[in-house]
Amino acid sequence: MRQSFIQKNPSILIFLACLALFTLLVTVASEGFGLGFISTSFVKTLGKTLCLCLVAVAMDLIWGYTGILSLGHFAFFGLGGYMIGMWLMYERTRLIVVEALAQSDIPPTPEEVVSGIGSQIFGVVGSSDSPLIWSFAHSLPLQLALVVLVPGLLALIFGWLAFRSRVTGVYLSILTQAMTLALALYLFQNDSGLRGNNGLSGLQNLPGVSAGQDQVSLWFFWASALALGLGYLLAAWITSGKFGSIIRGIRDNESRVRFLGYSVEVYKLAVFTITAMIAGIAGALYYPQAGIINPAEVAPIASIYLAVWVAIGGRGRLYGAVIGAGFVSLVSTWFTGGQAPDIPLGFYTIKWVDWWLILLGLSFVAVTLFAPKGIGGLFDLLKKERAK
Amino acid sequence: MSHMSTLLEVSGVSVSFDGFKAINNLSFQIGPAEMRAIIGPNGAGKTTFMDIVTGKTRPDDGRVIWGEKSVSLLKMSEAQIAQAGVGRKFQKPTVFEDQTVHANMLIALKNDRGFLASLLYRPSNKDLARVDELAGEIGLSDQLDRLSGELSHGQKQWLEIGMLLAQEPRLLLVDEPAAGMTLAEREHTTAILVEAAKTRAVVVVEHDMEFVRRLDCKVTVLHEGSVLAEGSLDHVTANSRVIDVYLGR
Ligand SMILES: Nc1ncnc2c1ncn2[C@@H]1O[C@H](COP(=O)(O)OP(=O)(O)OP(=O)(O)O)[C@@H](O)[C@H]1O
Ligand SMILES: [Mg+2]
């Protein structure tokens, strides 16, 4: 009688099987381990896409299921990226500095090493000291903890203030945009302690690892696939039971839930914080594959794209979010990467690099107006056809 | 009757919206196992009264005292008031339309309301049996697996009442339960409410006089935010002011 949440929802197993198959195919076809059909840089693109799918799952939880249109989840994504980037950059610089100092006759003192690292990393912003926020950058476990703690804490504080004051709907969306903008502006400053608009770079190099990028790219690809699989399972579990019923209830009729005795604010805060943490993890896997993170990544528009992906894929169903993020971001890479052929019309040439965003905007409008269930809605049609 | 203890005591409550007094020095009492009907013209303040008791609207003045320990409901949040034992049915039926009847009942069922408890919750056999039992009472036994959005208007009203019962409240506030129901549905609704009032306090707001008569209980007439008359239905309907402001129209 009582089934597990996976038995109740076969789409979870189908999704995990597709993900596993995809991972296997890419691995076999990659340069690093297999046949070499897929270039290392494309493996990275695919790995990054999996991370975007993961943050889209988080977005679907908060928006599609709980009804809170957060336009700030890419800020949490970026923070996760910064947190792992700090360790990658610090540790790699430390190795370089130690090696350079080893050339001299006298062994270097720890102070010399630390100041060497400081001037290497912060020279670009006219400083030579590591700021206080880099205190843990020497430790991988600590920075990994910060990958979830920093976005989680920011979400907890921000969410507590916003939900407690019963800010809802479009006002909440605006507030999350303001938060994102404030974060981006802060990061742009040279004395933010995170290298201003230079951001953190060289993140593709794993310190102390001699394996080539063809191998490392696969490791990150696998890690991204694993994270997406686990994140999907977690989200499916959260939404399957009574908790899922309650958050969907909050989405559809907040006051009904309140008068049933549930503290709606606590539930919202829980989902907001959990999804911010998932976004942080996704970002921490994304940026080592991108190689660089800078404040432009956290710009408010990125969070809006995230909502667009989920809307196009179909909100309120997890695979919809994955399809939306995967499909749109890959197509976007294709169009903006210069691979898409320009269309000469004689009097005017359509350059996709310029026109892609307009196309995306139009598809968003079209989906909102004509297919509110998004691409995922096609599966409903299919199911209905089969039931006939 | 005079020695019966009170479950809810509202005294001297006033609230105004933009200078308009929706509730004006209202006082009201109800015992722990009592049925009460509230009638009154549109805009009399019946729904606002329920808003005040359930914490949705904060009054400008007055006291709302609850239970044996005489705690004030005015300092509590909506969720806390609900947890203390006040259940409410809205004027417009509000159920979670894209979820099954069964899921709706499970959300409402009296259990730990914390988010961790909900996350780890698995329905016990006792809970499942209770849902079946309640579904029987509200006549939705064969609808448990349907989406509640697909139910008829009357069935939605019953589901909402069933959800209230599942909360096991000590006081049930029911706003216009019979609106839009057929005669047979109304009779069923009366039966559910009368049964519920055997073990708890039930306050029913209703315009339909036949429905109120079948409830066979004390009636409070509200007008312009205060109590105009109180007593048996025959008593209040004989009151000339009640006839003027309400029945005569
Ligand atoms: N939030 C609000 N803001 C402003 N005015 C309000 C508000 N809530 C209620 N009112 C006003 O207070 C008065 C009482 O309204 P209430 O809904 O309590 O009446 P009611 O007795 O339930 O009427 P009905 O029988 O039509 O449901 C009405 O004039 C209404 O317009
Ligand atoms: Mg009303």
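Me: How many residues of chain B are in contact with chain A, and how many of chain A with chain B?

Reply: Contact here means that the C-beta atoms of two residues, placed from the backbone, lie within 7 Å. In this case 21 residues of chain B are in contact with 20 residues of chain A. Before we go on: this is a predicted model, where local features need pLDDT of at least 70 and side-chain atom pairs count only at pLDDT 80 or more, while totals for chains, interfaces and linings use all residues. Residues are numbered from 1 along each chain as its sequence is written, and chains are lettered from A and ligands numbered from 1 in the order in which they are written.

Me: Which helices of chain B each supply at least two residues of that side?

Reply: Helices (H or I, at least four residues) and strands (E, at least two) are DSSP runs, numbered from the N terminus. On the side of chain B that touches chain A, α2 (78–84), α3 (101–108) and α4 (115–120) each supply at least two residues. By class, that side has 10 nonpolar, 6 polar and 5 charged residues. Nonpolar covers Ala, Val, Leu, Ile, Met, Phe, Trp, Tyr, Cys and Pro; charged covers Asp, Glu, Lys and Arg; the others, Gly among them, are polar.

Me: What about sheets: in which order do the 4 strands of the open sheet in chain B come?

Reply: Two strands pair if DSSP finds at least two bridges between them. In chain B the order is β2-β1-β4-β5, with antiparallel pairing. β2 (20–30) and β5 (71–72) of chain B stand at the edges with a single partner strand each, so one side of each lacks a neighbour in the sheet. Strand β1 (residues 8–17) of chain B is joined to β2(B) by 7 bridges; for B:Val10, the bridge partner in β2(B) is B:Phe28.

Me: Is B:Glu176 buried or exposed?

Reply: Count other C-beta atoms, placed from the backbone, within 10 Å of the residue's own: 20 or more is buried, 12 or fewer exposed, in between partly exposed. B:Glu176 has 21, so B:Glu176 is buried. B:Glu176 sits in the loop between β7 (171–175) and α7 (183–196) of chain B, and has a positive phi of about 45 degrees although it is not a glycine.

Me: And where is B:Asp216?

Reply: Look in the loop between α8 (209–215) and β9 (218–223) of chain B. B:Asp216 isn't a glycine either, yet has a positive phi of about 55 degrees. B:Asp216 is exposed, with 12 other C-beta atoms within 10 Å.
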